[in-house]
Amino acid sequence: MWRSAEPKPSEPFQQWLDRLARPIEFACRDAFAHLPTVKNLNRFVSSQVIQTLSNHVYPLAVEAALLRLRELFLEEQQRLSTADQQRRLQEAMIIVKDLRAMDFQAPHVPQRPEPLVTHSRAIGRVQRELWSLPIRFVKGVGPKRTALLQRFGIETVEQALWTIPWRYEDRSVMTPIGRLMPGSEASVFGTIVRSEAKRARHRRLTILDVFVEDETGRVQAVFFNQPFLEPILTVGTKVMMTGRVVAGARGWVDTRMEVSQYEVVGSETEASVHVGRIVPIYHETKGWTSRQMRLLIKGLLDAYAADMREILPITVRARYRLPPVHHAIEEVHFPKSGTPAPALERGLTPAHRRLAFEELLLLQLALATRQRTVKQEIKSIRFNPKAVMLEKLTRAIPFRLTAAQDRVVREILSDMTSTRPMNRLVQGDVGCGKTMVALHAVVLACGSGYQAALMAPTEILAEQHYQTMKELLESIGLSVVLVSGGGRAAERKAVREQVASGRVRVAIGTHALIQQGVSFSRLALAVIDEQHRFGVLQRKTLTEKGYRPDVLVLTATPIPRTLAMTVYGDLDVSVINEMPPGRKPARTFLYQESQRRRAYQILKDELRAGRQAYVVYPLIEESEKLDLKAAMQGAERLRTEELSEFRVGLLHGQMKTNDKERTMAAFKAGEIQALVSTTVIEVGVDVPNATVMMIEHAERFGLAQLHQLRGRVGRSEMQSYCLLMASGLERGKGLTGQRGGGGTLPPYPSTPYPTAASRERLEALVRSTDGFVIAEEDLRIRGPGEFFGFRQWGMPEFRVANLIRDADLLQQARQEAFALLRIDSQLKAPMHCALREAMLRRWEKKLDLGSVS
């Protein structure tokens, strides 16, 4: 048996290598005759390599060879055939031979890093870590530039180094000006020797002629209608230009360049940063250019790269073959010549993936830690699984639950009757019956002597939940109140007193339920409907108010798996993947403006048959006044023209609460046949007699939002229709329906989405009624940054990682996070301390990890 000995920091590398190689050589001796007698070789080699890499900094080639050697011995010896064991030993001997041949200085033994001292009265203290070193006090930055950098979320040196380029330009080949060939694309670097601005007399046209020269020749560049360049492209300025070379009037003699890109390079000493290499291009803002960012990053790398703290344990880096953090940062900002351009542009180089993995691992560790903390907590609440009220509820429901609903109810009741707090997400498509599932949780809580709160995103939906549940709950003996922000003060006070005293068991409302002024006597269950409307992290507000209820989150927005692992990574997830029997999916038609008459025909046919319809207009914050005006004009036009024979109502977010409630009540009662609305009816409104959803300017909506709107119809056995009215699409492409004539829409701001993406999104909705398929498609088309919006979801923002591109890394990071916490639940081991500190810095406040720290 070979015992692992701790390598001495001062031990020469070759001496250590001899000790490592001894059992390998012994096993190979005499045609592998001694192999059966060598035990625990894999453990010996692996531990020796990890220990020496933890204690020393080696050249990359040596580190790579050592990691390759360790990989050979990851498989247990007894699991390999004799032939495989022999082959492994032969490969190991080759690596050992290569390591012995390497000529390098003695390995560097890392010492405790010197504090990063910044002498500044403004700081007044020693800055020891890059994450706490303000960018303001870096040489050449100062207060004004700090304000510009803050626009990119840069406050510290570490944040600046993690602000990676958004694209790259290969400037490794600069063409001498004397060798420019007309018809070719080229990049040149030279000095401006002449700059002349001209203005045409008869046309509003400015021309800037710039002549650039190097040691081989001169070329003219012409800039039209860019007078702001005159003070920038001055004589003596060194400049890099890329563009198409064209012959002038005298052919090659007066060659010109049609410049597509240019950059002022600055002094001679700066040139090596901006030309002759693959150059990073950063996002810019007024007053801060990509060139300035490049120089800042170069200076920071020179000053601080060696001080970047490696937080990934060597075992994790070895398993995924990840480069050290300082090498990754350097490679991301200034890639080596020959780095494949496609990998750079798509963020798939080893350096990009290493940084993305680190970001994702920190998030997954935080979520896994939060989940473990919740699961380890012993709740004081005890629910009675044999509550009589559950039996009463089963008898009171006039239909059978689907198999999927039954399964999810069992999962919820199992959570609630356990000793650990429930933290569960119920995910299901529009109309699958989530509310009825949640009702079982409410009845179990109240039947056990506690209170339950149900929070909805809008007052309209809260009102609907109240109307839907009131009769059913009161029939089995449970009192229900609606807590709203509107109404008379005396009424609001009376409702709050009933909740605080415990006389009322079920409180339904919006987020006002967890605001000041509302207190509960024995709150044991919080049901949060349409969670993304609240923001992911608002759940913790309940805990901050002193309540520790079981939490049940409902969402009708199907969440792609990658987002679910991110947004809801700390929740247990249940999926209702079955619709109630007898419901017909809505038929979806995509029309353009010239086909409006056909769309109106479907709408009027349904209204004449006694059905009802929605006509929805987009409403976005940036153009709210114009959008609201368009909806009001649309309602008036329908009343007086196309739908003059029917009763038309209007609903929008600027209306008073009482007016909105009256309008919705009239629509539910059938007094209003066609309801013109902004997107306030997107979530949860349930009118089974409504069979038509007409969506104006459908190209301005997100795909998941369109799917939500479509879900407002098709809630009965009657056939329903979703009519998508789109503007700006090419005539006849991807459209369903017949041509016809019709009216025109009120004026709108230009669509924020490109036509191609709009068509792709709308056609996806026509093709599928499966919310999960649509959600994945929406994520693919729009990207995670726009999928519902980061701020609306409370989505984590990353500097490097991309949830679509790095889905495989997200899965690996999640597996690694749970594996690390299994072996070190508090991350207190020395090799995990840096990881723990980084996780808490990044996520402690956002994910309420106070109990962890």
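Buried means under 20% relative accessible area, exposed over 50%, and partly exposed in between (1.4 Å probe, protein chains only). This is a predicted model, in which local features need pLDDT of at least 70 and side-chain atom pairs count only at pLDDT 80 or more, while totals for chains, interfaces and linings use all residues. Residues are numbered from 1 along each chain as its sequence is written, and side-chain values use heavy atoms, with hydrogens and water left out.

**Stop 1: Thr242**

Select Thr242, which is found in strand β5 (residues 238-248). Helices (H or I, at least four residues) and strands (E, at least two) are DSSP runs, numbered from the N terminus. Thr242 counts as buried because its relative accessibility is 15%. Its side chain makes a polar contact with the side chain of Ser187, at 2.8 Å. A polar contact is a pair of N or O atoms within 3.5 Å; within protein, one must be able to donate a hydrogen and the other to accept it, and residues adjacent in sequence count only if both atoms are side-chain atoms. Leaving aside residues up to four places away in sequence, Thr242 touches Ala186, Ser187, Met257, Glu258, Val259, Ser260 and Gln261; contact means heavy atoms within 4.5 Å.

**Stop 2: aromatic pairs**

How many aromatic pairs does a search of the whole structure find? There are seven. Rings of Phe, Tyr and Trp (its six-membered ring) pair if their centres lie within 6.5 Å; planes under 30 degrees apart count as stacked, over 60 as edge-to-face and the rest as tilted.

Select Phe223 and Tyr262: this pair is edge-to-face, with 6.0 Å centre to centre and 75° between the planes. The pair links distant parts of the chain, Phe223 in strand β4 (residues 217-224) and Tyr262 in strand β6 (residues 251-264), 39 residues apart. Phe223 is buried at 4% relative accessibility, whereas Tyr262 is partly exposed at 31%.

Next take Tyr320 and Phe357, a tilted pair with ring centres 5.0 Å apart and planes at 40°. This pair also links distant parts of the chain: Tyr320 in helix α9 (residues 314-320) and Phe357 in helix α12 (residues 350-376), 37 residues apart. Tyr320 is partly exposed at 22% relative accessibility, and Phe357 is buried at 0%.

**Stop 3: strand β20**

Ring pairs link Phe589, Tyr591 and Tyr721 into a cluster.

Two strands pair if DSSP finds at least two bridges between them. Strand β15 (residues 587-592) runs parallel to β20 and is joined to it by six bridges; Tyr591 has Met725 as its bridge partner in β20. Strand β19 (residues 690-695) is also parallel to β20, with four bridges, and Val692 stands opposite Tyr721.

**Stop 4: strand β10**

Select strand β10 (residues 480-483), where both faces are covered: Val480 and Leu482 on one side and Val481 and Val483 on the other are all buried. Strand β11 (residues 506-509) pairs with β10 in the parallel sense over four bridges. The partner of Val480 in β11 is Val506.
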